[in-house]
There are 2 protein chains.
Amino acid sequence: MVTRERPTLEEVARRAGVSRATVSRVVNGSTSVAAGIREAVNRAVDELGYVPNQAARSLVTQRTESIALILPETANRVFSDDLFFPAIIRGAGVELEAADKQLVLMMAGSARSHDRVERYAVAGHVDGVMFASMHGADPLPGTLVRLGIPVICSGRPIGGADVPYVDVDHFGGVAAAVRHLVAGGRKRIATIAGPQDMVAGIDRLAGYRATLEEAGLPQRTALGDFTRESGLTAMRSLLEADPALDAVFAASDMMAHGALAALRQAGRRVPDDVAVIGFDDFEISRYSDPPLTTVRQPIADMGRTMARQLLGLINGDPALPDAVVLPTELVVRDSA
Amino acid sequence: MVTRERPTLEEVARRAGVSRATVSRVVNGSTSVAAGIREAVNRAVDELGYVPNQAARSLVTQRTESIALILPETANRVFSDDLFFPAIIRGAGVELEAADKQLVLMMAGSARSHDRVERYAVAGHVDGVMFASMHGADPLPGTLVRLGIPVICSGRPIGGADVPYVDVDHFGGVAAAVRHLVAGGRKRIATIAGPQDMVAGIDRLAGYRATLEEAGLPQRTALGDFTRESGLTAMRSLLEADPALDAVFAASDMMAHGALAALRQAGRRVPDDVAVIGFDDFEISRYSDPPLTTVRQPIADMGRTMARQLLGLINGDPALPDAVVLPTELVVRDSA
DNA sequence: TCCCTATGATGAACCGGTTAAGTTCGAATG
DNA sequence: CATTCGAACTTAACCGGTTCATCATAGGGA
């Protein structure tokens, strides 16, 4: 391996016949460098193939130009089935790329990795941290904020931690979905709720409850964990509890697909016998049988917004809202 | 924001009553430090909450403890439909995490981002670079290798670039799939091929061709780009060209699902009229109607292996193979 | 003519670690 | 008892940039 020696500022300076300081100013596009010198320096830079050493730069500027995105442990488990985190990554990636920042991905969840993340951020490896949908009342975001590290969460943090976040209008989306079912004449509307240690799970269940209450209709709840498998199981237990139910709202698309499978196995027609609505609007929901009616949440946008907010925080933007809530929208297809 | 000043080595040293060098040795777990002193230092570290500054450390060690994973531009487009890149990320992530390395994600493809990636790597921001399935004969991996940067590719590089890589046995997998169709008595076996500027596309088509030739059966090819939509379109054109075809091998699961949809629309039963086999074995293929027979490739394993190989390269492991080819396996379900 | 002020370049301190070379000191050796 | 040696620690150089205080030079005004 021919590890070519990388030229340093010093060498560029020598070649251009100026001082290190001047080269630094040219490289950083500073003003007040005579045109002639600037050219000479640029020529030397090109000839030597000079690229500034990031570590040296960070050491003095205290900036790394990179941002961490923390995924919960569950991402590991669910990744193969779930399209949520990839979309977050994509959205954040695009935004950060535009700002010339790097995206560092970390999995967290276990106590060990928890500590790792904290040390990593504190070591000054990144300029800020984004948390993707956490479980429970995770203390880590708050801890980092207290240490003076810019942080943003996806999903309103549970437990009242005072951390800026980006979220979507779960409640409104669910209300629209349930009202759609009610308007369609459904009387026995059940729900497959998500994990009750995540805002997404909590708020969607709350939306279901409030809307049915408002409509004066009975409620029936089964619990899932956002995965297809859990949706299938939950649907079975709902059918057993109330064979006459005529609609179900699932708090995630994957659970809705599980529910579709369970209904098919139980010989129910969708939407004739039972209407089904999901939440997410993943690509695959357009291709299910029948195509899934669902609440669209702008996941990639969420990633983008998180990145944008975090960049604002890092730059000390004064007029930055603590929270941004993105709209959701009911997408009506054939399943309800 | 209370940006608490982070303690430095100097302060720890002062508190422990020793020199900077000694603290450094304790922190790095070096030998030859008397137990008493070691304890005193550790106490000081804990009391002050000292965490080494990574930039300073990198500056002298020339190591950053992080690794870049480069995704092709298409990842952006396809991400919402595709489960390939997430699995690669997950696999690599797990392995790197175990080695206490960080994963930096970058999108490349455009000329601009190309340059960005090169500069980033050369700036010493990462210790090595992994490329996820590239299009065409990308010169970037070769360039980085020449610059002395450890590199590994997923998928044998096109154009004979001498870059170490990890790939799967496309040919063998496809051969098994096509033989399965032949053994099932299929006589008119078409294929939906992947992009011919990617090894995965090329090798899978080659496997189809060779195996059919061996069986003395006629060939028929349509081209897709691995997405569901392209699979649907390709299937339609295949049906038009040969309404009597009785089997199709799609070079990706998503294209196979598109094909299933096209066949359904055309009134063909699967597998009775037309047998379908895909390639990937994504989670969703277990839940399609009918469940998809497909060639499983160990994607997460590929990510893991890439990471492992790269770490070996970085550590100068002498007995490192240039190429690793992982096995594929036919998974028979109901579609063929 | 002389002094003052921009303008542009330079020298040197500094960021926070690592590590080679040097120092100290007590135990072992001849 | 003098000498050698090795363990344990300190000193100081260095990594490669940024930036502030300083300085040189040319131009303008009194």
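User: Is the crossing of H4(A) and H4(B) left-handed or right-handed?
Analyst: This is a predicted model, where local features need pLDDT of at least 70 and side-chain atom pairs pLDDT 80 or more, while totals for chains, interfaces and linings use all residues. Residues are numbered from 1 along each chain as its sequence is written, and chains are lettered from A and ligands numbered from 1 in the order in which they are written. A crossing is called left-handed if the near helix is turned anticlockwise from the far one by less than a right angle, and right-handed if clockwise. By that rule, the crossing of H4(A) and H4(B) is left-handed.

User: At what angle do the axes of these two helices cross?
Analyst: Helices (H or I, at least four residues) and strands (E, at least two) are DSSP runs numbered from the N terminus, and H4 covers residues 54-61 in chain A and in chain B. Axes are lines fitted to C-alpha atoms, for helices over the stretch in contact, with angles from 0 to 180 degrees between N-to-C directions. The two axes come within 8 Å and cross at roughly 145°.

User: Which helix gives the most to the side of chain A that touches chain B?
Analyst: Residues are in contact if their C-beta atoms, placed from the backbone, lie within 7 Å; the contact takes 43 residues from chain A and 44 residues from chain B. On the chain A side, H4, H6 (84-98), E2 (102-108), H7 (111-122) and H12 each supply at least two residues. The most, six residues, come from H6(A).

User: What is the order of the strands in the open sheet of chain B?
Analyst: Strands pair if DSSP finds at least two bridges between them. Six strands take part, and their pairing is mixed. Reading across, the order is E7-E6-E8-E9-E10-E12.

User: And which are the edge strands there?
Analyst: An edge strand of this sheet pairs on one side only. In chain B, that describes E7 (220-223) and E12 (329-331).

User: Which residue stands opposite Val248(B) in E9(B)?
Analyst: Strands E8 (residues 247-250) and E9 (residues 275-280) of chain B pair in the parallel sense over three bridges. Within E9(B), the residue opposite Val248(B) is Val276(B).

User: What is omega for the cis peptide bond of Asp289(A) and Pro290(A)?
Analyst: Pro290(A) lies in the loop between E9 (275-280) and E10 (293-296) of chain A. A cis peptide bond joins Asp289(A) to it, with omega about -5°.

User: Does Asp100(A) count as buried or exposed?
Analyst: Asp100(A) is in the loop between H6 and E2 of chain A. Its phi is positive, about 60°, although it is not a glycine. Because Asp100(A) has 9 C-beta neighbours inside 10 Å, it counts as exposed.

Notes
Contact = placed C-beta atoms within 7 Å. Buried ≥ 20, exposed ≤ 12 C-beta atoms within 10 Å, placed from the backbone.
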